[in-house]
Every structure is written in C-alpha cells, then in structure tokens.
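Subject: Structure handover and notes on the ligand site

Dear colleague,

I am passing on the structure we spoke about, with the sequence alongside it. Please look it over first; my notes on what was found follow below.

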Amino acid sequence: MITIAPSILSADFARLGAECRAVESAGANWIHVDVMDGHFVPNLTIGPDVCAALRPHIQGTMDIHLMADNIEPLIPAFAEAGADVLTIHVELGSVLPGLCARIRDAGIRTGLAINPDTPAAALSEYLDAIDLICVMTVEPGFGGQTFLHHVLDTIGEIWERTGARAITIEVDGGITPETAPLAARAGAEILVAGTAVFGARNSTLTPDDYHSNISALHEAALAATGGACKGAEAVDTRIHHGTDKRR
Ligand code: DX5
Ligand code: ZN
C-alpha cells in the first residue's frame with residue numbers, strides 16, 4: 001500500500017491545472033499542495049483560491065500541506081476549496097487541539113506534519129484527533145533538498161506510537177528511487193515527491209517522464225516492502241494498519 005503524491009511545488013506554476021492532470025494520467029492519485037505563508041517558513045507559495053481553481057483538475061485526493069502559523073481563518077477557505085486532507089504542523093503547539101477539531105468538523109481528514117528535529121513524542125497527545133502524520137525529511141520551505149537520513153528513526157518511532165490506529169504515515173522531502181525504499185520500509189505509505197517527479201524547476205520533462213518517474217518511485221518502494229500496491233483506495237477507506245501492519 002504505497003502511494004506516490006507528486007508535490008506541485010516543483011511543477012510549472014504557469015500550467016498548474018495541466019500539471020495536475022498530467023501526473024494523474026501518469027499514475028498518481030494523490031496531489032500534494034504545499035502552502036507556505038512566508039512567515040512559518042521563509043517561502044511564499046499559493047493559497048486557497050489557487051487550490052479552488054485546481055480542484056476541477058484533480059480527480060483524486062487533494063492533499064494540502066499548510067506551512068503557516070495563522071491557521072484558523074484559513075480552515076473554512078480550504079474546506080471551500082475542496083481539500084481532502086489538510087495537514088498543519090505539530091510545532092504550532094498549544095493551538096493544535098482546537099485546530100484539529102475545526103478541520104475534522106469541516107469534514108476534512110486531519111494531518112499533522114513534524115519537522116526533522118522535532119521528537120516523535122510531540123505527536124502523542126494528538127493521535128486520537130488525526131488521520132495522517134506527515135514526517136518531514138527536509139526542513140520545510142523548499143523543494144529539491146537532500147533527504148535527512150536521521151529522520152528514518154523518527155518514522156519508525158512514529159509507526160510504533162500510532163499502534164493500531166488508522167493513521168497513515170506520509171513522508172515529505174528528498175524522496176528519490178534511492179530514498180523511497182528507506183522511507184517505505186520505516187513505515188511510510190504516502191511518499192511525497194516534487195523534484196523526483198517533475199524535475200528541478202525549469203526542467204523540460206514531459207508527461208511521459210512523469211510516468212516513468214512515478215513508476216520508478218513506486219516500484220522501488222514496493223520492492224523494499226514486498227507488498228502488492230493497493231494504492232490510495234486502501235488509505236482512503238482506512239483499512240490499512242491493524243495487527244499485521246508491519247510489512
Ligand atoms: C517542502 C515541501 C515538500 C517539497 C518536496 O517544504 O513540503 O513537499 O516540495 O519536494 P522534493 O521532493 O523536491 O524534496
Ligand atoms: Zn509538503
């Protein structure tokens with residue numbers, strides 16, 4: 001049960017709708033949207049209006065990763081924009097319980113992202129309020145960074161801590177055919193990949209390349225876990241995990 005989620009942070013920003021359709025045609029059924037506010041992280045990307053404009057171009061899951069610190073007013077806007085998953089950062093601290101409840105109340109699956117050097121224990125009190133944990137394997141803010149191998153231990157620890165709960169582990173940052181197997185073996189099921197799918201910014205890759213890039217990531221991760229891929233349907237119906245979740 002491995003899903004590749006292309007991050008459109010590395011897509012052609014002048015053609016975002018077409019880029020979403022192209023990666024879906026190339027086999028992706030999750031689209032990862034990196035929203036950055038220029039304050040929580042030192043980069044500024046897109047907001048709810050762009051997500052709403054993209055929604056008709058995305059058949060599958062619109063997975064929004066919110067790197068922002070004034071979240072509350074944004075939740076209704078992202079709900080209106082058609083978010084399927086809305087992930088906020090555990091580093092926000094004391095405001096989290098209310099925010100997680102607001103996201104759930106809006107009918108959106110709730111994710112918590114955790115930065116590379118934040119201890120896994122920071123997630124503990126929220127495990128009954130969330131559906132997904134996004135483990136950052138780079139410092140948030142930019143695509144094209146190198147995978148931080150020390151976070152593999154955190155993924156493993158999170159996997160243990162989630163127990164039998166229906167929480168999906170996503171990994172985000174520096175995923176390549178070399179690192180995808182490591183993350184999958186540690187327990188990640190959703191692998192976010194920007195550069196490894198779309199190429200570096202201003203690259204001249206085509207949708208044919210997207211297909212081979214997504215396949216390469218998928219196959220590398222599946223080979224490492226030895227599992228047959230059921231894709232995002234399994235994740236979406238929350239039938240993964242359970243007593244035999246360790247592959
Ligand atoms: C970083 C973003 C990631 C990033 C991944 O803040 O959350 O989603 O775009 O890009 P690559 O795959 O290039 O590391
Ligand atoms: Zn992201």
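This is a predicted model: local features need pLDDT of at least 70, side-chain atom pairs count only at pLDDT 80 or more; totals for chains, interfaces and linings use all residues.

The shell consists of 20 residues surrounding ligand 1, and the closest of them are D34, G141, D172, G194 and T195. In terms of secondary structure, at least two shell residues come from each of β2 (30-36), β3 (61-67) and β8 (190-193), with β2 giving the most, namely 3 residues.

In T195, a polar side-chain atom lies 2.5 Å from an oxygen atom of ligand 1, while for S7 the corresponding distance from a polar side-chain atom to a ligand oxygen is 3.2 Å. An N or O atom in the side chain of H65 is likewise 3.2 Å from an oxygen atom of ligand 1. As for the cover over the ligand, ligand 1 has 380 Å² of accessible area on its own, and the protein covers 99% of this.

Turning to the pocket itself, the space that ligand 1 takes up is the largest pocket, whose volume is about 260 Å³. It has a lining of 26 residues, among which G143, G144, D172, G173 and G174 lie nearest the centre of the pocket. By class, this lining comprises 11 nonpolar, 12 polar and 3 charged residues, and at least two lining residues are supplied by each of β2, β3, β8 and α7 (195-198).

With best regards

Methods: Residues are numbered from 1 along each chain as its sequence is written. Chains are lettered from A and ligands numbered from 1 in the order in which they are written. Side-chain values use heavy atoms; hydrogens and water are left out. A residue is near a molecule or strand if one of its heavy atoms lies within 4 Å of it. A polar contact is a pair of N or O atoms within 3.5 Å; within protein, one must be able to donate a hydrogen and the other to accept it, and residues adjacent in sequence count only if both atoms are side-chain atoms. Accessible areas come from the Shrake-Rupley method with a 1.4 Å probe; for residues, only the protein chains shown count as cover. On a 1 Å grid over the protein atoms alone, a cavity is a set of points where a 1.4 Å probe fits but cannot get out, and a pocket is an open set with protein on both sides within 12 Å along at least five of seven lines; lining residues have an atom within 4 Å of a point. A molecule sits in a cavity or pocket if more than half of its atoms lie within 2 Å of its grid points. Helices (H or I, at least four residues) and strands (E, at least two) are DSSP runs, numbered from the N terminus. Grid points are joined across faces, edges and corners, and a volume is the space filled by probe spheres set on the points. Ala, Val, Leu, Ile, Met, Phe, Trp, Tyr, Cys and Pro count as nonpolar, Asp, Glu, Lys and Arg as charged, and the others, Gly among them, as polar.
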